[in-house]
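Hello,

Here is the structure I promised to pass on. Please open it and keep it beside you while you read my notes below.

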Amino acid sequence: MAGNLVPIPGPPGLPLVGNVSDIDPENPAQSFANLTDIYGPIWRFYLGGGERIVIGSQALMNEVSDEQRFSKIVAAGLKELRNGVHDGLFTSSGPQEKNWGIAHRILMPVFGPISIRNMFDEMHDIASQLVMKWARHGPNHTIQVTDDFTRLTLDTIALCSMDYRFNSYYHEEVHPFVGAMSDFLKISSDRARRTAVTQIFYRQETQKYWESIEVLRKTSQELINTRKAAPNDKKDLLNSMLNGVDPKTGEKMSDESIVDNMITFLVAGHETTSGLLSFTFYHLLKNPQAYLKAQQEVDEVIGKGPITVEHLTKLPYLNAVLRESLRLSPTATAIGLQSKEDTVLGGKYHIPKGIPVIAFFPKVHRDPLVYGEDNEAFRPERMVDAEFDRLNKEFPNCWKPFGNGMRGCIGRPFAWQESLLVIAMLLQNFNFTMEDPSYTLQIKQTLTIKPKGFYMRAHLRNHMTATTLERALASTTISAAEAAKSKGQTVSKGPKAQGKPMSILYGSNTGTCEALANRLASDAANHGFHAQVVDTLDSAKEKLPTDRPVVIVTASYEGNPADNAAHFVNWIGGLKSNELNDVSYAVFGCGHRDWVKTFHRIPKYLDSVIEKRGGTRIAPIGTTDAAAGDIFTDFETWEDQVFWPAMREKYGTAEGSTDGSLETSMDVEISSPRSSTLRQDVREARVEEVRTLSAPGSPEKRHIEISLPSDMTYSAGDYLAILPINPKESIARAMRYFGLPWDSILTLSASAGPTTLPTGQPIAAADMFGAYVELAQPASKRNILALIEASTDEKTKEALTNLSDSAFTTEITQKRISVLDLLERFPSVQLPLGAFLKMMPPMRVRQYSISSSPLWNSNSVTLTYSVVDQPAMSGQGRFVGVASNYLSSLAPGDKLHVSVRQSHQSFHLPKDSKNVPVIMIAAGSGLAPFRGFIQERAAQIGAGRPLAPALLFYGCHSSDTDSLYADEIARWEKMGAVSARYTFSRAPEQSEGCKYVQDRLYHDRKDVVELFDRGAKLFVCGSRAVGEGVQNTCVRIVKEQSEEVHGCDVSEKKARAWFDGLRNERFATDVFA
């Protein structure tokens, strides 16, 4: 095996500090994503003197999920968290730490389905507070999304698990616990990237760190003290911690362990869920079709009435929305694992024992081999139950937002029910819009991630007012059972059932199977039976009853029996003959389909082995899937339709003498509950480098490098939107025409309706003409008619009338004649300045293809552009491109306003870069996106990654004048990142006799066809003429290939239709005017 091993790639580090400069401290997740793109699905780096290995594919995730080989490691940020929560459930090393085992066994039942279901009313209480806040504020209120969801989830975990109210919606400032928690998580993450020596220099931060820990521990202790001062018998998390006894050791949790886990649950119980809710609304608002489907499901299932816990089991698409949101935006971005022994990953990478292995979920969840080329798209349909099951069966461990195995998130059912309830309530009662429709996702990272700067507005639906909504919510905040309890009434059961004896045995860690066993016992009397024994499976080891029917209700925990069933299962497995000859039995099994390989393993095993050892099966096995959320319905269906009919047939019993079932023999009184009281998305950036790419005398083409704001990200192929300033000459022309000195100050008042211009404040005239209006915008017919009214000269009126009529298209539109051009041409027109400004459209952004890759520099982009400066078609001076001349005027150090805009999903490099070839076709500055593509491929090849071939067809005038980035492309070509095929329109003899790119495409058609047959993606960027020329050539090649290879004559119409069918799948264009 040693001969087959290959070294794990990774970025070169520096002495002592390792790769600290490669990880952005503000957004380490983005750094991990970029480095994974460069080095592939496995790479290594060094921080704080230690080695770490990162994995980012489903295949590797599946390997490290094997708990026989790998276990959770407490390192880096997790290790720092132990300063505040010691060996709490999340930060403990696991079973080897005694406190973890005690806490885990005591607290597991608190998060079982029965307990979670019983928390519905309290969850509804807090969710109603959020709904009412948004309803009362109204549709013009800007919702601070992550802030409000943080309040919601903190209040919910505190009320449901500790019966404590933070009342976050009744205070302007969030509870100090939230700020302390945020600082604690952020600083823990930062400390993990430093050496012990470096940490010495962060004294002020260190003081803040320990103060935050003190706030967390003090808050938790106050909650404990409150409960101790007024104890109750509520079966919640806090009472379990205070009073619970470990069934294995007989010990209680220590006082320190209670505080540690209080903090753990308060933090983990709200931090990740608030992120999930925030990301989910971002994705829904960015994907209107998914939003509509989700809301339609809520309307169909719940309607306008009260939402109940039963509704939550009938929302498959909403479940899929949450899964897809967690796929794309896992709030906990990674887990740390370690190999228990030296091992090999992927058949070729040596993993030493104990070295941290970081499973990076944003890349695992985007593995193109699992999720395809649209792996970046938000598509909940791939997460609907049947498809979700198929994915997890075909690609095990491809979706891991809740961690792995025994150390997975204990609070998953709590978070899921809370999230479903909140989203359903919000979609039922509101329509939502983004505060800024052009907002692109930005990330704020501590140890978890949340959207940064994401705001929305809420509009009440169904003609509801805040008052009517309050009444509707109040009628559902308390269940019938709670109402009866609040009135001090008891629930009266029917007469005690008598009947034939039976035994019911259960195996349960979370309490679900135990609850089902007790439900079966309660129902027995109605069917002529009496449950003499309801106990654990282990209690029946070696003494399985033979004188009465036995029902087994049990679950699998990742293929293993429950803690109170392990001995029984081992005993059954050790039987050799017909030891169970006289046993009559039935089995019902619980499981969770996320663990596909071990789904229902233990119940199915018992059902089979008991029969093999002589037992008689009373009824076929029944099963339920916890992931579907309808355990009780499944169990009751099995009871009523399978089990009890089989029991009556075998034992001849009649229906019990009680009047119906337990549910119908209850007397419940329901009480009335108390009533519950010029905008552009651009930001400042900085110019780092400028240079001219073309030779003197040829059309000018330039290069500019711009450093982005720290939280602005991009992908190769995206656009950069620029908010330009008009050329100085255009500004000067306007100033001259209106006779304004350069230091003129204007103050506008919008007396004639709304305007995008700045009003009510002094502004320099030069700034108004330069930054706020489009001086070069071609005049409209309405503009010309206004000029006619402002003229007293008949000849001028006659000429303008002609321009507004028959000559408008040829003389105004095609020649791009502006209002300012007309004013200069017709000096008799006396247009007031206010009327002129009112005519001008506001300055708009211009988009340029980014010509770099984030794998070169994630904090900077480059643009490659042509400077438009040519004689004006009007015959008046020159036509100067606003944005290109603005960019060409900038120098290093200058500031400008920019925004990254995503290109079409199809105009990005293939996700499966190892197997999918690339064909790129461009002319002139259309090379821009492909320089980014090739730069990205070069970075990946430089890191040792194998890539499929790439062809670049590039056209320009000549190799001497405007062959852009020729030296770079030659270097990348030597690396194997691309094969460049040039065409020189003014020197075709230097390019195989080919004048234009489409000519070279046809000349090299053999290579093109070979790559296309291998699944290549074809990209075109250039003018419309280039796009049409390339498409015509491709159609020609298709026709000829059909004739030569397949012997069939394909019409041009059919060939063109076939090629058009590939658009945005294997053929993508970016054509500009």
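**Ser-339 and its surroundings**

Leaving out residues up to four places away in sequence, Ser-339 touches Arg-69, Phe-70, Ile-351, Pro-352, Lys-353 and Gly-354. Please remember that this is a predicted model. Ser-339 sits in strand β5, which covers residues 334–339. Is Ser-339 buried or exposed? Its relative accessibility is 2%, so Ser-339 counts as buried. The cut-off for buried is under 20% relative accessible area.

**Ser-65**

Now go to another serine, Ser-65. Look for Ser-65 in the loop between α2 (58–64) and β3 (70–72). Ser-65 has a relative accessible area of 10%, so Ser-65 is buried. Which residues does Ser-65 touch, not counting those up to four places away in sequence? They are Asn-397, Lys-400 and Asn-404. Ser-65 and Arg-471 are 406 residues apart along the chain. Their C-alpha atoms are separated by 49 Å.

**The whole chain**

The chain has 1073 residues, and buried residues make up 54% of them. There are 38 helices and 33 strands in the chain. The C-alpha atoms fill a box of roughly 110 × 75 × 70 Å, taken along the principal axes. The accessible surface of the chain is about 47,000 Å². Carbon and sulfur atoms account for 50% of that surface.

**Domains**

- Domain 1 covers 98–473.
- Domain 2 covers 501–651.
- Domain 3 comes in two pieces, 680–724 and 845–903.
- Domain 4 covers 728–839.
- Domain 5 covers 907–1071.

How many Å separate the centres of domain 1 and domain 4? Taken over C-alpha atoms, the separation is 56 Å.

**The largest cavity**

One last stop. The largest cavity holds about 70 Å³ of space. Its lining includes Asp-24, Asn-27, Gln-30, Ser-31 and Asn-34. Ser-710, Met-712 and Thr-713 also line the largest cavity. So do Ser-858 and Asn-859. What classes of residue make up this lining? There are 8 polar residues, 1 nonpolar and 1 charged. Met counts as nonpolar and Asp as charged.

Then trace the cavity lining.

Best wishes

Definitions and conventions:
Residues numbered from 1 in each chain as written. Predicted model: local features only at pLDDT ≥ 70, side-chain atom pairs only at ≥ 80, totals over all residues. Heavy atoms only, no water. 1 Å grid on protein atoms, 1.4 Å probe; cavity = no way out; pocket = protein on both sides within 12 Å on 5 of 7 lines; lining within 4 Å. Points joined across faces, edges and corners; volume = space filled by probe spheres on them. Domains from an automatic or database assignment. Helix = DSSP H or I, 4+ residues; strand = E, 2+ residues; numbered from the N terminus. Buried < 20%, exposed > 50% of the residue type's maximum accessible area, 1.4 Å probe, protein only. Contact = heavy atoms within 4.5 Å. Areas by Shrake-Rupley, 256 points an atom, 1.4 Å probe, with all protein chains shown as cover.
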